[in-house]
Amino acid sequence: MNNNFLSPELQKLNYANPVHLAAVGFGSGLFPKAPGTMGTLAAIPLYLLMTSVLELGLWQYIVIVAFASVVGVYICASASKAMGVHDHGAIVWDEFAGYGVTMIAAPQGWLWVILGFALFRFFDIVKPGPIGWLDKNTHGGFGIMVDDILAGVFALAGVQLVAYIVL
C-alpha cells in the first residue's frame, strides 16, 4: 500500500495485518474528513448483510455484535499501541460495533437504517452525560470502545422509541 498520503501515525500500521485493517474499518477510517462518519457508513453494508442477506435471527445478531464489541477492545488497543496514539480518529472499529448495537431489533427498511445512523452519529459526536465521561476517563482498547457502545445503547433506545410511536 502506498502510505505517502497517510499521517506518520497511520504509517505505523501494518495494513496486511487483519487486526490493523479491521481497526481502520477496512479503510473507511482513513478518510481525512469525518472518519467516524465514514466508519459508520461502512458498517451499514455489514448490518444489511447480517439482517437482509443472511437473515440472522435476533439472538444470532446480538451474539455477533457482542463478539465484535469484545474483540474490538483488542483490535482498538492493538492499533492504538502501534500508532502510539490513544483513540486516533482513523480507528473506527468502535463505530462498527456502536452502530451494530444501535440496530439491535430495529425494524427493516431504509428509514430505520438512516435513523439509526443519524442517532448513533449524534450521540457519538455530542457525547452527552455518561458517554462523555467515559470518553474522558477510560483508556486503552476498552476506553476506545466503551463510549461508542454506550452511544449505540442511547441510539438503540431512540430507534426503539420511534418504532414504538410510529409502528
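Analyst: Helix α3 gives the largest share of the lining of the second largest pocket, 3 residues. The model is predicted, with residues numbered from 1 along each chain as its sequence is written. Local features need pLDDT of at least 70 and side-chain atom pairs 80 or more, totals for chains, interfaces and linings use all residues, and side-chain values rest on heavy atoms, without hydrogens and water.

User: What makes a space a pocket, and what makes a residue part of its lining?

Analyst: On a 1 Å grid over the protein atoms alone, a pocket is an open set of points with protein on both sides within 12 Å along at least five of seven lines, whereas a cavity is a set where a 1.4 Å probe fits but cannot get out. A lining residue has an atom within 4 Å of a point. By this rule the second largest pocket has 16 lining residues, with Gly36, Gly89, Glu95, Arg121 and Asp124 nearest its centre. At least two lining residues each come from α3, α5, α6 (110-126) and α8 (140-166); helices are DSSP runs of H or I, at least four residues long, and strands runs of E, at least two, numbered from the N terminus.

User: How is the lining of the second largest pocket divided into nonpolar, polar and charged residues?

Analyst: Asp, Glu, Lys and Arg count as charged, Ala, Val, Leu, Ile, Met, Phe, Trp, Tyr, Cys and Pro as nonpolar, and the others, Gly among them, as polar. This gives 9 charged, 4 polar and 3 nonpolar residues.

User: What is found at the largest pocket?

Analyst: The largest pocket holds about 270 Å³ of space, a volume being the space filled by probe spheres set on grid points that are joined across faces, edges and corners. Its lining has 15 residues, and Leu46, Met50, Ile64, Ala68 and Phe96 are the closest to its centre. Two or more lining residues come from each of α3 (35-53), α4 (58-83) and α5 (93-102). The lining has 14 nonpolar residues, 1 polar and no charged.

User: Why is the pair of Tyr47 and Tyr61 called edge-to-face?

Analyst: Rings of Phe, Tyr and Trp (its six-membered ring) pair if their centres lie within 6.5 Å; planes under 30 degrees apart are stacked, over 60 edge-to-face, and the rest tilted. The centres of Tyr47 and Tyr61 are 6.0 Å apart and their planes stand at 85 degrees, so the pair is edge-to-face. Tyr47 belongs to helix α3 and Tyr61 to helix α4, so the pair ties together parts 14 residues apart in sequence.

User: Why is the pair of Trp93 and Phe96 called stacked?

Analyst: Their ring centres lie 5.8 Å apart and their planes are at 5 degrees, so the pair is stacked. Both residues lie in helix α5, 3 residues apart, about one turn of the helix. Together with Phe26, they form one aromatic cluster.

User: Is Trp93 buried or exposed, and how do you know?

Analyst: Buried means under 20% relative accessible area, exposed over 50%, and partly exposed in between (1.4 Å probe, protein chains only). Trp93 has 13% relative accessibility and therefore counts as buried. Phe96, at 9%, is likewise buried.
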